[in-house]
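Here's a quick briefing to read alongside the model. Have the sequence and the 3D view open as you go.

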Amino acid sequence: MPKFNVTREMPYKAAELFAVAADVDSYKDFLPLVESSRSFDRVKVADGVERFKGELRVRYKKLHIDETFLSDVVADRAALKVSSRSEGGLFDHVIAEWRFSDRKTGGATVEFQVDYKAKSRSLQFFMSGMFDYMVRKINNAFEARARELHGKA
């Protein structure tokens, strides 16, 4: 199963970046290919930990992809981690995780990891060439959103 990891240093506080990742409702405003996004069924499971459903509609007209992903999301403010798991559609699973940690010198380290398995071998082969590119585009969009919300650091 392919796994893609990106680690970056950003000039924002880890808590600010966590808030961007946990705000699934706003993904439609800044993530590439995301047509709509929403969260629902929020449950507080512990102090600073929420579980909820996240729904993303992803469209890529060139490849005739129009897919809605329903994910189980856990946003853990204390651990500064947002994780999601989606099953169904074109994929057996897509697991994504954001981790944030403040650096002593200022700013934060951001770790983004995606693990997926497509339902068909041909799609798996095709996606393997594209997925690394998409993970980096997501990371760039995430950084641009942080800059938009928190200014140039």
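Leaving aside neighbours within four places in sequence, which residues is Ser39 in contact with? They are Val24, Asp25, Phe52, Lys53 and Gly54, where contact means heavy atoms within 4.5 Å. Keep in mind that this is a predicted model, where local features need pLDDT of at least 70, side-chain atom pairs count only at pLDDT 80 or more, and totals for chains, interfaces and linings use all residues. Residues are numbered from 1 along each chain as its sequence is written, and side-chain values use heavy atoms, with hydrogens and water left out.

**Overall fold**
- You'll find three helices and seven strands in the chain; helices (H or I, at least four residues) and strands (E, at least two) are DSSP runs, numbered from the N terminus.
- Starting at the N terminus, the order of elements is β-α-α-β-β-β-β-β-β-α.
- The radius of gyration is 15 Å, close to the 15 Å that the globule rule gives for 153 residues, so the chain is as compact as a globular protein of that length. That radius is taken over C-alpha atoms, and the rule is 2.2 Å times the number of residues to the power 0.38.
- The C-alpha trace spans about 45 × 30 × 25 Å along its principal axes.
- Of the contacts with a separation of 6 or more, 48% are between residues 24 or more positions apart.

**Surface and charge**
- Of the 153 residues, 41% count as buried (under 20% relative accessible area, with exposed over 50% and partly exposed in between; 1.4 Å probe, protein chains only).
- Carbon and sulfur atoms hold 50% of the accessible surface, which comes to about 8,900 Å² (Shrake-Rupley method with a 1.4 Å probe).
- The charge tally is 27 positive and 23 negative side chains, and the centres of the two sets lie 3 Å apart. Lys and Arg count as positive and Asp and Glu as negative; His and the chain ends are not counted. Each charge is placed at NZ of Lys, CZ of Arg, CG of Asp or CD of Glu.

**Ser39**
- Ser39 sits in strand 2 (residues 34-46) and is buried, with a relative accessible area of 15%.
- Its side chain makes a polar contact of 3.2 Å with that of Arg42 (a pair of N or O atoms within 3.5 Å; within protein, one must be able to donate a hydrogen and the other to accept it, and residues adjacent in sequence count only if both atoms are side-chain atoms).

**Ser71**
- Ser71 belongs to strand 4 (residues 65-76) and is buried too, at 12% relative accessible area.
- Not counting residues up to four places away in sequence, Ser71 touches Phe52, Lys53, Gly54, Ser84, Arg85 and Ser86.
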